[in-house]
Amino acid sequence: LRAVTTRDIAIEELLAKGADITKEKPNVLLIDERVSVFERFSSVLRKNAKLHHIANPQDGLFAAAEGNYDCVILSADLAGFDPLRVCSQIRSLNRTRFLPIILACDAENDVLVSRALELGVNDYVIRPIDANEFIARLRTQVRRKHYHDGLRSNVAESIELAVTDGLTGLHNRRYLDTHLQTLVERARNRGRELSLLITDIDKFKSINDTYGHATGDDVLREFANRLRQNVRGMDLACRYGGEEFVIVMPDTSAQMAAEVAERLRESVEEAGFASADQVLSVTTSVGVATLNRNSDDNMSDLLKQADTALYEAKAGGRNKVVA
Ligand code: GH3
Ligand code: MG
Ligand code: MG
Ligand code: MG
């Protein structure tokens with residue numbers, strides 16, 4: 001509730017300030033088959049917008065989805081087309097869901113207008129059009145759109161940050177914690193296999209102690225690259241803790257998972273890790289676990305199983321896979 005309130009206040013402030021977002025001319029798409037209507041809107045908007053004109057609503061819908069418009073003017077009097085249908089089509093496409101629509105009517109039509117507003121039309125005008133009033137209404141819609149576009153990309157960015165590890169760009173533990181249980185349940189419901197591995201860099205503390213923390217960070221980044229090279233697109237790779245990483249592998253048997261783990265172990269051991277002017281030898285230990293379809297193991301059972309295997313790999317001398 002608080003977020004909504006803050007956001008509303010922010011919008012109102014922005015609108016009150018007449019924020020500078022209409023500095024660039026908005027791209028406006030007019031959907032109406034009549035050239036006379038286009039000419040009237042052209043003269044109304046003149047220097048205030050770039051007006052594009054499409055006669056056929058189906059083409060208009062396509063253009064709206066493909067193009068980068070700030071507002072659509074939809075004629076209520078489209079020969080052979082139901083404007084309400086066109087409106088709900090615009091609202092149902094992802095690309096145009098938030099595109100402002102102004103309905104332009106030839107005459108008062110309360111029923112049509114109220115249904116259109118229910119379907120998501122943002123505003124309406126009745127011909128003959130008053131130029132100043134129309135420009136003001138258009139500006140309001142364009143400002144709102146730009147403001148919300150900004151909010152949406154900020155939200156997308158914060159979500160991205162919240163589930164990404166800043167150092168390596170892999171998913172973070174929070175992401176794993178929210179998705180692993182779903183992957184486990186999906187595998188179980190579909191009778192599919194699922195494996196995961198935990199890998200922990202050997203003696204990482206001594207890398208930090210010997211070469212410094214910055215070098216340690218370089219090693220972590222390069223380690224993440226080698227992880228990425230060894231997993232498929234459908235696998236979920238995440239940094240689980242300091243120098244500990246988890247890979248979840250859907251549709252992967254215990255044997256296949258052990259092979260992935262061994263390949264990863266080798267790819268770390270085989271080539272040195274470059275940092276500044278030195279090349280370091282790094283090794284890693286891996287514990288593998290596979291979902292047992294005859295048990296009711298959940299996500300934490302699976303992680304525990306892999307962690308126990310990892311512990312055995314460490315106890316057994318490190319640079320090992322235990323499956
Ligand atoms: P083991 O083979 O048993 O895993 O030994 P280890 O030294 O790798 O394990 P330990 O848990 O003792 O040390 C992990 C070290 O990782 C300690 C911590 O300071 C370091 N570390 C954790 N996060 C980061 C990080 O983001 N950057 C750097 N450079 N070091 C980190
Ligand atoms: Mg450790
Ligand atoms: Mg370690
Ligand atoms: Mg560790």
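**The site around ligand 1**

H9 gives the shell around ligand 1 its largest share, four residues. Helices here are DSSP runs of H or I with at least four residues, strands are runs of E with at least two, and both are numbered from the N terminus. Before going on: this is a predicted model, where local features need pLDDT of at least 70, side-chain atom pairs count only at pLDDT 80 or more, and totals for chains, interfaces and linings use all residues. Residues are numbered from 1 along each chain as its sequence is written, with chains lettered from A and ligands numbered from 1 in the order in which they are written.

S6, helix H8 (204-211) and H9 each supply at least two residues of that shell. Among the 16 residues around ligand 1, those that come nearest are Asp202, Phe204, Lys205, Gly216 and Gly242; near means a C-beta atom, placed from the backbone, within 6 Å of the molecule.

Now H9 itself. Helix H9 covers residues 213-229, 17 residues in all. Which residues of H9 are buried? They are Gly216, Asp218, Val219, Leu220, Phe223 and Leu227, where buried means 20 or more other C-beta atoms within 10 Å of the residue's own, again placed from the backbone.

Next, the sheet. Five strands form an open sheet in the order S7-S8-S6-S11-S12, with mixed pairing; two strands pair if DSSP finds at least two bridges between them. Strands S7 (236-241) and S12 (321-322) are at the edges with a single partner strand each, so one side of each has no neighbour in the sheet. S6 (residues 194-201) and S8 (residues 244-250) run antiparallel, joined by seven bridges. Ile198 has Val246 in S8 as its bridge partner.

Technical notes:
The expected span of a helix is 1.5 Å times one less than its number of residues. A residue is buried if 20 or more other C-beta atoms lie within 10 Å of its own, exposed if 12 or fewer, and partly exposed in between; C-beta atoms are placed from the backbone.
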